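Please find below a colleague's note on the structure shown here. The points are numbered so that each may be checked against the coordinates in turn.

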Amino acid sequence: MSPLKYSTTFICAVFIAIRAASEVNIVGEVGGRVSFRPTSINPPVSSIIWKHKNSIGPVVKATEWDEDDGFNTPNQRFKGITTLDKETGEITITNLNIEHSGLYTIDINSKEQEQIFYLEVLAALPKPEIKIEKIEINPNAVYLICEYSETIIWKNSAGETLKGSPQSPKGELLKVEKQGNPEVFYTCTLKNAVRESTSDPVYERDLFEESGPWWIVLIVLFLILIAAPIFVLLYKFWPRFHKIVYNNLKGKPCIGAILDRLDGNKKNEDKPCEERTAKSTNEEMKQDKDRPNETLLNEGGKESPN
């Protein structure tokens with residue numbers, strides 16, 4: 001290669017390196033704020049102008065200052081949201097929107113500086129919501145779905161990062177299985193170049209239907225199957241037990257009817273429970289009414305005086 005070609009290649013490489021060093025990339029978010037400034041500013045300074053060029057319009061003045069007229073924000077796009085520090089040349093833009101994206105340059109003392117700034121304004125990150133999708137063939141597992149275009153980070157309550165799968169048309173889904181701990185939870189975090197936004201936690205107790213321990217059901221069934229026959233045997237063949245049960249339960253709705261059937265009393269069998277209960281109650285009331293009129297006998301079998 002000739003010396004001329006070497007020289008040309010070297011000059012191009014230096015130019016590219018200088019240009020790359022003079023470019024500054026800034027990322028903001030809709031509704032947020034950004035600030036940027038030149039690396040250095042050499043006094044004396046009599047004027048500063050920041051210019052902006054986006055992809056759809058001409059170059060406009062974002063803000064300016066000079067020692068005679070002071071500060072001015074001529075373009076409506078930047079009015080009321082842009083400030084300029086005349087000492088450092090720093091520009092601050094608040095309440096950003098997508099239109100503020102683009103190329104920014106600065107003129108100092110009417111001379112354009114080499115340093116250029118690229119601002120990208122991203123859409124505001126929403127607070128993600130996790131959707132739940134049941135798996136019919138596996139009641140002990142569910143899919144958690146986070147339907148967003150940004151980078152998605154899944155985590156559990158232990159702080160572990162979990163790997164999701166792509167979800168069409170956008171987002172990710174995460175398959176989680178029942179751990180047996182209702183306090184276990186999962187979150188979905190969205191991340192862009194500016195910040196992160198995390199969903200409310202989804203707890204295991206809200207993902208799976210809780211069922212009582214199977215052994216409780218077995219105990220209840222066992223007691224019913226064993227206790228019922230024992231009760232019947234005691235009622236039919238132990239007179240004292242029979243008397244206590246009958247005297248205390250014969251007036252209870254429907255229970256009295258069951259006791260009558262166990263006693264082989266078919267007299268009231270076709271009557272409704274309520275009617276039999278009412279009759280039994282009336283009989284008790286009649287007996288209580290007649291009791292004061294009964295003759296009290298003393299130990300010798302004689303009537304005791306009233």
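The points below go from the whole chain to its sheets, its disulfide, its backbone details and its surface.

1. Overall content. The model is a predicted one. The chain contains five helices and 18 strands. Of its 306 residues, 29% are buried. Where contacts join residues at least 6 apart in sequence, 53% of them link residues at least 24 apart. The accessible surface of the chain is about 21200 Å², and carbon and sulfur atoms account for 55% of that surface.

2. Pairing of strand 9. Strand 1, residues 23–29, pairs with strand 9 in the parallel sense, over seven bridges. Within this pairing, Gly-28 is placed opposite Val-121 of strand 9. Strand 9 also pairs with strand 8, here in the antiparallel sense and over six bridges. Thr-105 has Ile-116 in strand 9 as its bridge partner. A reader tracing strand 9 will therefore meet a parallel pairing with strand 1 and an antiparallel pairing with strand 8; as a general point, side chains in a regular strand alternate between the two faces of the sheet.

3. The hairpin turn. Which strands form a hairpin with two residues between them? They are strand 8 and strand 9. The loop between strand 8 (102–108) and strand 9 (111–122) holds Asn-109, and Ser-110 is also placed in the loop between these two strands. Asn-109 has a positive phi, near 55°, although the residue is not glycine. Ser-110 likewise has a positive phi and is not glycine; the value is near 65°. Are these residues buried or exposed? Asn-109 counts as partly exposed because its relative accessibility is 32%, whereas Ser-110, at 67% relative accessible area, is exposed.

4. Four strands make up an open sheet with antiparallel pairing, in the order 10-11-15-14. Strand 10 (131–134) and strand 14 are at the edges with a single partner strand each, so one side of each has no neighbour in the sheet. Strand 10 and strand 11 are joined by four bridges in the antiparallel sense. Ile-132 has Leu-144 of strand 11 as its bridge partner.

5. The disulfide. How many disulfides does the model hold? The count is one. The bond is formed by Cys-146 and Cys-188, with their sulfur atoms 1.8 Å apart. The link between Cys-146 and Cys-188 is left-handed, with -90° about the S-S bond. Cys-146 belongs to strand 11 (residues 141–146) and Cys-188 to strand 16 (residues 185–191), so the pair ties together parts that are 42 residues apart in sequence. Both Cys-146 and Cys-188 are buried. In general, a disulfide is a covalent bond between the sulfur atoms of two cysteines.

6. Cis peptide bonds. Two such bonds deserve a look in the model. Pro-43 and Pro-44 are joined by a cis peptide bond with omega about 0°. Pro-44 is in the loop between strand 2 (34–36) and strand 3 (47–53). Another cis peptide bond joins Ser-168 and Pro-169, with omega about 5°. Pro-169 is in the loop that runs between strand 14 (165–166) and strand 15 (172–177).

7. A buried loop residue. Where is Asn-75 found? Asn-75 lies in the loop between strand 5 (70–72) and strand 6 (82–84). Asn-75 counts as buried because its relative accessible area is 18%, and the cut-off for buried is under 20%. Leaving aside residues up to four places away in sequence, Asn-75 touches Val-60 and Lys-61.

8. With 45% relative accessibility, Trp-238 counts as partly exposed.

How values were computed: Residues are numbered from 1 along each chain as its sequence is written. This is a predicted model: local features need pLDDT of at least 70, side-chain atom pairs count only at pLDDT 80 or more; totals for chains, interfaces and linings use all residues. Side-chain values use heavy atoms; hydrogens and water are left out. Buried means under 20% relative accessible area, exposed over 50%, partly exposed in between (1.4 Å probe, protein chains only). Contact means heavy atoms within 4.5 Å. Accessible areas come from the Shrake-Rupley method with a 1.4 Å probe; for residues, only the protein chains shown count as cover. Two strands pair if DSSP finds at least two bridges between them. A disulfide is a pair of cysteine sulfur atoms within 2.5 Å.
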